[in-house]
Amino acid sequence: MATLAAAVLLVALPAGGQVDLGTEEQRAAGKIVYDKYCGQCHGDTGDGNGYATPRVKPKPRDFTTGTYKFRTTPNGMLPTDDDLRRVIEIGAPYTSMPGWPNLTSAEIQNVIYYIKSFSPDFENPDRYGEPIEIPRPLESTEESIARGRVVYEEQGCAACHGEVGRGDGPSAPTLVNDKGDPIKVADLTQRWTYRGGATKEDIYRTFSTGLNGTPMPSYADSLEIEDRQHLVNYVYSLGDGDDPNYGTLITAVYSEEPIDLQDGETLDALFETAPMTRFPLVGQISEPGRNFFPSVTSIEAQAVYNRDEIAFRVRWHDLRADTSGRNNPSLEVPMWDEDNGIGDDGGDSDDFFGEFGGEEAPAEDDFFGDSGGDDFFGDGGDDFFGAADAGPPGAEFSDAVALQFPASLAPEGTPELKPYFLYGDSQNPVDLWFVNLTYGVADTFRGRGSESIEPTEADIVEAVTSYDQGQWTVTYKRRRSSRAGVSFAEQQYTPVAFSVWDGFNRERGNKRALSSWFYVYTEPSVQPATTFPIVRAAVIVLVLELLVVFLVRRRARRQAAGEEAAGGTLAATEAPAV
Amino acid sequence: MLGLNLPVVIVLAAVGGVLAWRRANTLTWLLYTWVALWAFFKYGFAVPIPQSVATIYLGITGLALVCFASSSRERLSETAQPIVRLILEPRYRLALAGLLVALPALAAYNVYADLNVPLEAPGFGREVHPPPPTEMTVHDETVDMATAENPYLHYNHDDPELYGEHLENGRRIYYENCFWCHGDGMGGDGMFAHGLNPVPSNFNDVGTLPILQSSFVHWRIAKGAPGLPGAGTPWDSMMPAWEKFLTTEEMWDVNLFIYDFNGYEPRALGQH
Ligand code: HEC
Ligand code: HEC
Ligand code: HEC
């Protein structure tokens, strides 16, 4: 129907208008592409209700509403074809919307025509706006960044994005999109996760046109062009690089100093010397408790050790400190939380692990725990879409983190052997250094698979924790030698894996963000000297060279002498036959 | 193509061409051979070959070149001539001095660079398609791996409508379960793929589905990583054991769907 109406309209419209709905053939060709590659998420009828929809967040776009996030056109307007093409080609990073580099330009154009046919808005010339002009970025001087910071404060970006941009503003936990789904504020320090692109031009566009359908407003009316350019420079300066630079190894550096967890300053100074590695985290979806949209997508880690002890420090960003609920690695969870409804219990009733219901939170686990409950209704939070109606998200589950090590190193001859990355297996157990951030102390568990996780007390692991401006920091310490678990010898590669639980996202038990196995390497305590081997190599080569020169010259001289004696007239400089 | 870094290969070949055209002398050719090989090993492959392997090849080549140069008196003198002239003729004195300084510097730099390679996590090879068991039990049913086939494949010819229904069900299963890792377009590049090691299989690849029997794929789907033998490093792979979540029919349906989506057919039974 919509396509028919569109076809009629096409004829009726004045030529040169922006409305371009393509031809019948183009839309038909677009439908073929769409049915194969897009319908499973965006729905075969474009309503955003595909097979994947219940299990992804953000939800696939509902094309029947004509509401689009990433546009060069003013707030509330429809995107241009180029805007749509951009999203289809490169996707929206860290969402389930992938880029489609394999589609040809014509296929993309056709699918754009087809997508537009889902919403009558595209037939309405009033919904089209002129794309904004994006000026060349200003040079990123200190003054420009300072001015940008002032704008950031004045415009209230921090209410959502947080003081230093980690997505932890007081309103962050309350935000929902125009469909009532909770929405995560962008972490401005992790530019690689920006969904609409991470260049300065993209940032300028994002806050100039706003993201339709989300609480992210447009500042086109409130900001002069130049201030916007300064703001871009400030936001850009918050970013921790273009690329996450995910690593695979923590290098533990040696120190003579004692490691004292209670002495924050010395501890910080100690960790200053240790390189920091960032590791990717993904949702645990291989076993019940499937976490299709983990909140935390990366964790940073470092390590130092001295004669007797080893210390690890991990850091990650979390929009709020949930420090009043329960959590532990083996807390029962349903197969998956059906709609992940914040504050609802989730879980299908007919799932495998239905007993969850019997494990309700005790009444003391109140929603307004001291974890910053007074922030929930901070400035502005409830202005947007009346998020407060949904009730503030509960802190039924606390934030938590765990390091995982094999209980013993791989046997000789099979260095590749490790325990199963998911809490180990029956033959190869793992040790978990688990910290429930409600208590801030480390508990140790031995895992022999997800169904068998038991507390252990073989080793004492200490921990200190802190939450600052949207960032958790947890520092662990243990003796290097262990009675029952893995010992950290010098120059040893030890497998390590990470888990992070965000209580706000109702992550608990096996519903967590986790990593594959990575390694920690204990650097030798005495670094081998480097100057000597370098000088030695140079000297050896030089001596060899001089030797060759000497031999060749001597030979030439002798030859010349011989030939002179024989009455020859060859000049010594002429090449002698060898 | 072949995992080669084409621009590098082309440049190396071009340099060779120029040398041939300028009728370079034997020494130049020998040097070129060795340096070109070094550059090829270092930059010529999309995925660099291990340093140790390259070192062995370069060592062998170096020896071979020396043997070649000294294989006859004439050749030896022909090769050595430019060197001797460099050393003896006064007009080359500056060049000689430069060389005397440059070579030790190069050697020193090489050692320095070797000492400063960034540490890397140990990597282990894994067998991508290890031999499956001869039989397995899925949902209390024994499956004989040698004879089992996708029970719905034949509908493709016999009953296209029914085939379509199974495909559609497979599509549902795939987009409810698999795309996080294997990707929306099945390129092995789903939104979680960057956090996985080993990486998820790429089903677009001709080296994956078409060379496998549908029973092998059924085994991998049902038993996942935990079902792999040690050679497949089951402890690292995030491939779930789908028998925990899906019925037998659903597993065959998704099996059907991943073949159909990519336009492939399973390898026939008994074909090796
Ligand atoms: C695996 C699920 C999935 C598939 C397959 C998928 N998308 Fe998306 N798509 C999404 C999600 C999720 C979003 C929302 C991203 C966001 O809100 O940040 C989205 C958003 C979009 C948008 C809106 C961008 C905006 O500015 O608001 C367009 C256009 C789009 N997709 C087109 C396509 C096309 C065309 C295809 C097929 C070639 C496709 N998608 C396939 C999940 C998917
Ligand atoms: C009311 C809360 C709110 C305020 C105020 C706000 N934002 Fe946002 N912002 C959001 C939300 C929510 C998102 C994530 C939207 C999404 O991913 O769909 C976001 C996303 C972004 C993004 C990333 C977009 C992308 O491509 O992923 C940038 C950059 C940004 N905001 C900058 C700003 C700046 C600069 C300001 C102040 C001028 C600001 N925001 C004010 C809520 C807000
Ligand atoms: C959590 C990530 C993840 C999910 C979800 C996942 N896989 Fe996998 N899969 C992998 C990884 C990683 C590999 C490669 C390592 C291996 O062989 O185990 C793999 C391998 C495979 C293989 C073996 C291919 C070969 O060449 O031997 C098949 C078949 C397969 N997956 C099918 C599926 C199907 C069907 C689904 C959905 C029902 C699915 N996978 C879901 C991660 C995943």
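Visitor: Which residues come nearest to ligand 3?

Guide: This is a predicted model, and a residue counts as near a molecule if its C-beta atom, placed from the backbone, lies within 6 Å of it. There are 25 residues around ligand 3. Those that come nearest are C178(B), C181(B), S201(B), S237(B) and M239(B).

Visitor: Why is the site of ligand 3 described as shared?

Guide: Helices α7 (160-177), α8 (179-182), α9 (214-223) and α10 (248-261) of chain B each supply at least two residues of the shell. The site is shared because the residues that surround ligand 3 come from chains A and B.

Visitor: How many residues of the shell around ligand 3 are charged?

Guide: Sorted by class, this shell has 17 nonpolar and 7 polar residues. The charged count for the shell around ligand 3 is 1.

Visitor: Let's move to ligand 2. Which element gives the most to the shell around it?

Guide: Around ligand 2 there are 28 residues, and C157(A), C160(A), A186(A), G196(A) and M216(A) come nearest. Two or more residues each come from α7 (157-161), α8 (200-209) and α9 (225-238) of chain A. The one that gives the most, with 4 residues, is α7(A).

Visitor: And how many residues in the shell around ligand 2 are nonpolar?

Guide: The shell around ligand 2 includes 7 polar and 2 charged residues. Its nonpolar residues number 19.

Visitor: Which element gives the most to the side of chain B that touches chain A?

Guide: The contact takes 47 residues from chain A and 44 residues from chain B. On the chain B side, α4 (73-88), α5 (93-115), α7 and α8 give two or more residues. By class, that side has 28 nonpolar, 8 polar and 8 charged residues. With 9 residues, the element that gives the most is α5(B).

Visitor: What distance separates the centres of the two domains of chain B?

Guide: The domain assignment of chain B gives domain 1 (6-115) and domain 2 (135-261). Taken over C-alpha atoms, their centres are separated by 51 Å.

Visitor: How far does helix α5 of chain A reach from its first C-alpha to its last?

Guide: Helix α5(A) covers residues 105-116 and has 12 residues. At 1.5 Å a residue, 16 Å is expected. The reach in the model is close to that, at 17 Å.

Visitor: What covers the buried residues of α5(A)?

Guide: The buried residues of this helix are Q109(A), N110(A), V111(A), I112(A), Y113(A), Y114(A), I115(A) and K116(A). What covers them includes two helices of chain A, α2 (24-37) and α4 (81-90).

How values were computed:
Residues are numbered from 1 along each chain as its sequence is written. Chains are lettered from A and ligands numbered from 1 in the order in which they are written. This is a predicted model: local features need pLDDT of at least 70, side-chain atom pairs count only at pLDDT 80 or more; totals for chains, interfaces and linings use all residues. Domain bounds come from an automatic or database domain assignment. Ala, Val, Leu, Ile, Met, Phe, Trp, Tyr, Cys and Pro count as nonpolar, Asp, Glu, Lys and Arg as charged, and the others, Gly among them, as polar. The expected span of a helix is 1.5 Å times one less than its number of residues. A residue is buried if 20 or more other C-beta atoms lie within 10 Å of its own, exposed if 12 or fewer, and partly exposed in between; C-beta atoms are placed from the backbone. Two residues are in contact if their C-beta atoms, placed from the backbone, lie within 7 Å.
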